[in-house]
Amino acid sequence: NQYDRGALYKVQYVVTRAGVFWNEVSLTDVRGNGLFGTYFVTNTLSGGAVTRVDSSIDFNWGRGAPTADGVIPADNFSVRWTGYVRPQYTETYTFYVKADDGTRLFINGMSVISQWDATPGGEHSGTVTMTSNVMHDITLEYKENTDNALVEMKYASPSQTKTTVPSSRLYPS
């Protein structure tokens with residue numbers, strides 16, 4: 001199964017002895033469930049990693065570790081979330097990322113926010129025009145240095161009040 005990035009459907013295929021069968025499923029029938037997160041043991045997006053799907057980016061770990069298993073440390077770690085965002089409206093969206101410490105956000109490969117060496121705890125914003133019900137590539141990178149760990153991603157548009165990007169609008173890669 002694979003999402004078509006620009007279209008409003010998901011392609012499903014089944015391989016059998018008789019051949020390959022294709023079926024298109026409307027994205028209105030396909031629910032988002034978050035972004036694919038890769039958690040690294042260093043703050044440089046490298047080293048050993050833990051992966052999972054996070055339903056939304058709304059974390060305040062404080063001085064604790066982001067994973068309960070102890071593999072990822074409480075300090076000096078990083079995360080890369082990847083997938084797709086499917087907006088409800090065709091208009092310009094403002095994305096807001098609050099992070100303690102650094103963050104970068106890319107939509108369709110374009111840098112929307114670049115605050116990798118930012119002051120801890122600040123909220124940063126950037127704008128991008130998106131088309132309703134189209135899957136737009138999204139990558140959010142986050143690094144934690146020391147002390148408190150926090151990262152939140154919200155968006156707003158002329159028709160959308162500022163809110164945490166809901167899991168129903170996020171699809172893991």
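**Exercises on aromatic pairs and burial**

The protein has zero helices and 15 strands, where helices (H or I, at least four residues) and strands (E, at least two) are DSSP runs numbered from the N terminus. This is a predicted model, in which local features need pLDDT of at least 70 and side-chain atom pairs count only at pLDDT 80 or more, while totals for chains, interfaces and linings use all residues. Residues are numbered from 1 along each chain as its sequence is written, and side-chain values use heavy atoms, with hydrogens and water left out.

**Exercise 1.** Classify the pair formed by the rings of Phe59 and Trp81, and state which strands the pair ties together.

*Solution.* Step one is the criterion: rings of Phe, Tyr and Trp (its six-membered ring) pair if their centres lie within 6.5 Å, and planes under 30 degrees apart count as stacked, over 60 as edge-to-face and the rest as tilted. A search of the whole structure finds nine aromatic pairs. Step two applies the criterion: the centres of the Phe59 and Trp81 rings are 6.1 Å apart and the planes stand at 5 degrees, so this pair is stacked. Step three places the residues: Phe59 belongs to strand E6 (residues 58–62) and Trp81 to strand E7 (residues 77–85), so the pair ties together parts 22 residues apart in sequence.

**Exercise 2.** Determine the geometry of the pair Trp61 and Tyr142, and decide whether Trp61 is buried or exposed.

*Solution.* Step one: the centre-to-centre distance is 6.3 Å and the planes are 40 degrees apart, a tilted pair. Step two: Trp61 lies in strand E6 and Tyr142 in strand E12 (residues 136–144), so parts 81 residues apart in sequence are tied together. Step three: buried means under 20% relative accessible area, exposed over 50%, and partly exposed in between (1.4 Å probe, protein chains only). Trp61, at 15% relative accessibility, counts as buried; Tyr142 is buried at 0%. Step four: ring pairs link Tyr39, Phe59, Trp61, Phe77, Trp81 and Tyr142 into a cluster.

**Exercise 3.** Identify the ring over which the charged end of Arg104 sits, and the ring for Lys162.

*Solution.* Step one: a charge sits over a ring if NZ of Lys or CZ of Arg is within 6 Å of the ring centre and within 35 degrees of the ring normal. Step two: for Arg104 the ring is that of Trp116, with its centre 3.9 Å away. Step three: for Lys162 the ring belongs to Tyr96, at 4.1 Å from the centre.
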